[in-house]
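Subject: The structure we talked about, with notes

Dear colleague,

Please find the structure below, followed by my notes on what was found in it.

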Amino acid sequence: MSVKIRLQRHGKKGKPFYWVVAADARSKRDGKYLEKIGTYNPNTNPATIDLNLDSAVKWLHNGAQPTDTAKAILSYKGALLKHHLDGGIRKGALTQEQADAKLATWLEAKTGKVDAKKDGLTKAQADVKAKAFKAEQEVNAKRLAAAAQAEADAIAAATPAVEEVEETPAAEENNEETQA
């Protein structure tokens, strides 16, 4: 019996969610499986992967062949590296402590990259929100200015034009006296 490590689709239409499983190669895609190794959610950014590393490495040691997508997931989480390092331990090229140290440093670097991507995405979203808010404020200010101008024009058009009344000579004399 050949065993494959592959994805089993769950979730609803347009929102896929996958289980990473070890299954007989002859079974259906979403059919019977031997063991659930983890989950993969491509709907998030970055994609969320939860993988039992020891179980995945155990199946790789037993000869399970991962599909292309499952291989990418196993590589991303470090299962293939751990399998490779365990081969070096069996051959005597490495000690268990050396292999564990190499795996730990690789995992730390990988989590650093993932965290940097998450921070970059968060910052980009915040920048987009700030730009949209600033643009909205400018549009609102223009709209208020246009409304105030239209209201002033309406008031000016509604008030009847007052003709200037010529002042009588007596009124002019009073004005000259008050100015002096």
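In strand β4, the residue T48 is the bridge partner of N41, and 4 bridges in total join β3 to β4, which run antiparallel. Strands here are DSSP runs of E with at least two residues, helices are DSSP runs of H or I with at least four residues, and both are numbered from the N terminus; two strands pair if DSSP finds at least two bridges between them. Further along these two strands, G38 stands opposite L51 in β4, and β3 and β4 form a hairpin with 6 residues between them.

Before going on, please keep in mind that this is a predicted model, in which local features need pLDDT of at least 70 and side-chain atom pairs count only at pLDDT 80 or more, while totals for chains, interfaces and linings use all residues. Residues are numbered from 1 along each chain as its sequence is written, and side-chain values use heavy atoms, with hydrogens and water left out.

The sheet

Which residues of β4 are on its covered face, and which on its uncovered one? The covered face has I49 and L51, and the uncovered face has T48 and D50. In a regular strand the side chains alternate between the two faces of the sheet. Strand β3 is mostly covered, with 5 of its 7 residues buried, where buried means under 20% relative accessible area, exposed means over 50%, and partly exposed lies in between (1.4 Å probe, protein chains only).

Between β2 and β3 (35-41) there is a loop that contains K32. Is K32 buried or exposed? K32 is exposed, because its relative accessible area is 72%. Leaving aside neighbours within four places in sequence, K32 is in contact (heavy atoms within 4.5 Å) with A23 and S27. The C-alpha atoms of K32 and Q8 are separated by 9.8 Å, although the two residues are 24 apart along the chain.

The helices

The buried residues of α1 are L53, S55, A56, V57, W59 and L60, and this helix is followed by G63, whose phi is positive, near 105 degrees. Helix α3 (residues 79-91) has 13 residues and reaches 19 Å from its first C-alpha to its last, close to the 18 Å expected at 1.5 Å a residue; the expected span is 1.5 Å times one less than the number of residues. Its buried residues are A79, L85, D86, G87 and G88, and what covers them includes β4 (48-51), α1 (53-61), α2 (68-77) and α4 (96-158). Just after α3, G92 takes a positive phi of about 90 degrees.

The pockets

On a 1 Å grid over the protein atoms alone, a pocket is an open set of points with protein on both sides within 12 Å along at least five of seven lines, and lining residues have an atom within 4 Å of a point. About 250 Å³ of space lies in the largest pocket, where grid points are joined across faces, edges and corners and the volume is the space filled by probe spheres set on the points. Among the residues that line the largest pocket are P46, Y76, K110 and D115. β4, α2 and α4 each supply at least two residues of this lining, and α4 gives the most, with 6 residues.

About 150 Å³ of space lies in the second largest pocket, whose lining includes Y40, T69, I73 and K117.

With best wishes

Conventions. On a 1 Å grid over the protein atoms alone, a cavity is a set of points where a 1.4 Å probe fits but cannot get out, and a pocket is an open set with protein on both sides within 12 Å along at least five of seven lines; lining residues have an atom within 4 Å of a point.
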